[in-house]
Amino acid sequence: MNKYWKLYSERPKLIGFINALFINIVICFIAVCIYSSCILRYTDNTFMMRDGKELKFNKKDLPLDCFYLKDVPKLYVTAYEEMRVKINFEVSVDLFSKCVPWIFNKEPTYAPNGTVLIRMYESDNDFYGAFALVRYLDSGLILSSQIYINKGFKGDLLLKLMLHEMLHSIGLEHDNSRYSIMNATVTDYANEITYQDIISLYKAYSK
Ligand SMILES: [Zn+2]
């Protein structure tokens, strides 16, 4: 009898442990879901606007070809690569393709249609870390984009600047949420692509 009693006393412990583990996993999952869905856009329009029209690329241009000029350090190309994987994965659309070196002798004055071009931005003024130039038609159709990165940025800050400018390059507007990567000031808090941004990009660009 004692043996059987002992056997039974072990089982609830094991079941209790499995239950506790399961409950913890569920709680963590819910917490992560709540956390990520709490990162909401504060600004009304997700896309940049031109005369009431949202600036967007044509879906048939996707995935956008990316070029970088020969004076762009490898570090930036690696940052682009890392962020393009992140954006494509989070939005579930193949938005950006791999970035390849610009092979022609003459530098383009603007990026060819359906492309993103990464350029260096040399300035003594570090106030502006980076910016994106979007070339578009009156209809709101984006033809191409250029991402300018100021010299000297690396690590986490470079990744954030790259992510921010890449999202501008496909039409996203600034946002006032301190947690949004689209905040005009890239701070320690500004990390995430907001829930609305992901949904809006998916709606705009999924085939
Ligand atoms: Zn910006």
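Me: Two residues are in contact if their C-beta atoms, placed from the backbone, lie within 7 Å; leaving aside neighbours within four places in sequence, which residues is Met 166 in contact with?

Reply: This is a predicted model, in which local features need pLDDT of at least 70 and side-chain atom pairs count only at pLDDT 80 or more, while totals for chains, interfaces and linings use all residues. Residues are numbered from 1 along each chain as its sequence is written. With those neighbours set aside, Met 166 is in contact with Met 83, Ile 87, Phe 96 and Ile 147.

Me: What makes the span of helix α2 close to the expected one?

Reply: Helix α2, residues 74-91, has 18 residues and reaches 26 Å from its first C-alpha to its last, close to the 26 Å expected, where the expected span is 1.5 Å times one less than the number of residues. Helices (H or I, at least four residues) and strands (E, at least two) are DSSP runs numbered from the N terminus.

Me: How do you know that the buried residues of α2 line one face of the helix?

Reply: The buried residues (20 or more other C-beta atoms within 10 Å of their own; 12 or fewer would be exposed, and anything in between partly exposed) are Tyr 76, Ala 79, Tyr 80, Met 83, Arg 84, Ile 87 and Val 91. Seen down the axis of α2, they fall within an arc of 135°, so they line one face. The face turned away from that buried side carries the exposed residues Lys 74, Val 85 and Phe 89.

Me: What covers the buried residues of α2?

Reply: The cover includes the strands β4, β5, β6 and β8, together with the helices α3 and α4.

Me: Which residues have the most contacts inside the largest nonpolar core?

Reply: That core, a set of buried Ala, Val, Leu, Ile, Met, Phe, Trp, Tyr and Cys residues joined through C-beta atoms within 7 Å, has 39 residues, and those with the most contacts inside it are Cys 66, Tyr 80, Leu 95, Ile 118, Met 162 and Met 166. Among the elements that give it two or more residues are α2, β7 and α3.

Me: Why is Ser 92 called exposed?

Reply: Ser 92 has 12 other C-beta atoms within 10 Å, so it is exposed. Ser 92 is found in the loop between α2 and β5, and its phi is positive, about 65°, although it is not a glycine.

Me: What makes Asp 51 exposed?

Reply: Asp 51 has 7 other C-beta atoms within 10 Å, and therefore counts as exposed. Asp 51 lies in the loop between β1 and β2, with a positive phi near 45°.

Definitions and conventions. Arc of directions from axis to C-beta.
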